[in-house]
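Trainee: I would like to go through this model with you, one feature at a time. Please put it up first.

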Amino acid sequence: MRIIDAHVHLYPPEVAAHPAAWAAACGEAHWATLCTRRRADGRAVQGFPSVDELLREMDRADVERAVLLGWYWERPETCLWQNRFYADCVHAHPDRLGAFATLHPRAGHSATLGEINFAGDTGLIGLGELSPHSQGYGIDDPVFRAALTLAGERKLPVNLHVTDPDGRKYPGRVETPLADFTRLAREFPTVTFILAHWGGLLPLRDTGALGLTNVFYDTAASPLLYDAGVWRRFIEAVGAERVLFGSDYPLNLYPKLVAGPEMELLVAEAEAGGAGEAVLRGNATQLLKR
């Protein structure tokens, strides 16, 4: 079975070459806190692969296509920069890569909606990974709400970062109240939401969320957040049709087993946990068919 990985990050060469220095120069301190950390043994929490290195890792793990997700940047200029980098990646490898655009409402109403139209017109297939809580605006921000309205009109799914309220503490952690996501889903029923990181187990905590048919969940960073049994527990409770396989590559998901980021071990964990064709490929095919 060829797999679709619905949650991958990639950065322009300037970032990959000197991540911390780039972040300092560009005012992206929160990203640096999260992404340039090192573990107690000195190893980096994630890698910074090139496009070619990503494609080779996909081949090794039998991943046919990967969806490049943007980041919840602090500066609108960084959002535009990454979106254009992703557009170039997709145009160079249309058979292997898709991409979501990112945004920041501080750019203003016209610029933000213009960027969404740019994304849709250039072949990007969604918005995200967004995090109002990390980017410093509320879910009632008028520009953010206008962006969601346009995303619904253009049928662009929206991926939102979610932090488990009971999860471990780590540098850069930002709380994301789960009630905010259920409210957004109810207030924007035409928007397809993908809640990252199993959605902080939202539907297992609030059975009312089970009825939100416009909400899906990806599995990004699963081994760093939950035990391997989460696959079976979540799928049995919520349904396989609501789950998208996502790795969060190039995060190192198994630091005790391997030296750097890779996808293959997570694929094996997913299959052992009962993830079948729908989770590993079918749902993403339907949801991201643009």
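Mentor: Helices (H or I, at least four residues) and strands (E, at least two) are DSSP runs, numbered from the N terminus. This is a predicted model, in which local features need pLDDT of at least 70 and side-chain atom pairs count only at pLDDT 80 or more, while totals for chains, interfaces and linings use all residues. Residues are numbered from 1 along each chain as its sequence is written, and side-chain values use heavy atoms, with hydrogens and water left out.

Trainee: Where does His197 lie, and is His197 buried or exposed?

Mentor: Buried means under 20% relative accessible area, exposed over 50%, and partly exposed in between (1.4 Å probe, protein chains only). His197 is in the loop between strand E6 (193–195) and helix H10 (202–205). Its relative accessibility is 7%, so His197 counts as buried.

Trainee: What is the phi of His197?

Mentor: Most residues other than glycine have a negative phi, and most peptide bonds are trans. His197 is not a glycine, yet its phi is positive, at about 60°.

Trainee: Which loop holds Ala221, and what is the phi of Ala221?

Mentor: Ala221 sits in the loop between strand E7 (215–218) and H11. Ala221 is buried, because its relative accessible area is 4%. Although Ala221 is not a glycine, its phi is positive, about 65°.

Trainee: Which residues are closest to the centre of the largest pocket?

Mentor: On a 1 Å grid over the protein atoms alone, a pocket is an open set of points where a 1.4 Å probe fits, with protein on both sides within 12 Å along at least five of seven lines; lining residues have an atom within 4 Å of a point. Grid points are joined across faces, edges and corners, and the volume is the space filled by probe spheres set on the points; for the largest pocket this is about 490 Å³. Of its 33 lining residues, the closest to the centre are Tyr170, His197, Ala221, Asp248 and Leu251.

Trainee: Which element gives the largest share of that lining?

Mentor: Two elements give two or more residues to the lining, helix H3 (29–35) and helix H11 (222–225). The largest share is three residues, and it comes from H3.

Trainee: What is the angle between the planes of Trp22 and Trp73?

Mentor: Rings of Phe, Tyr and Trp (its six-membered ring) pair if their centres lie within 6.5 Å; planes under 30 degrees apart count as stacked, over 60 as edge-to-face and the rest as tilted. Trp22 lies in helix H2 (residues 19–26) and Trp73 in the loop between strand E2 (63–68) and helix H5 (76–92), so the pair ties together parts that are 51 residues apart in sequence. The rings are 5.5 Å apart, centre to centre, and edge-to-face, with an angle of 75°.
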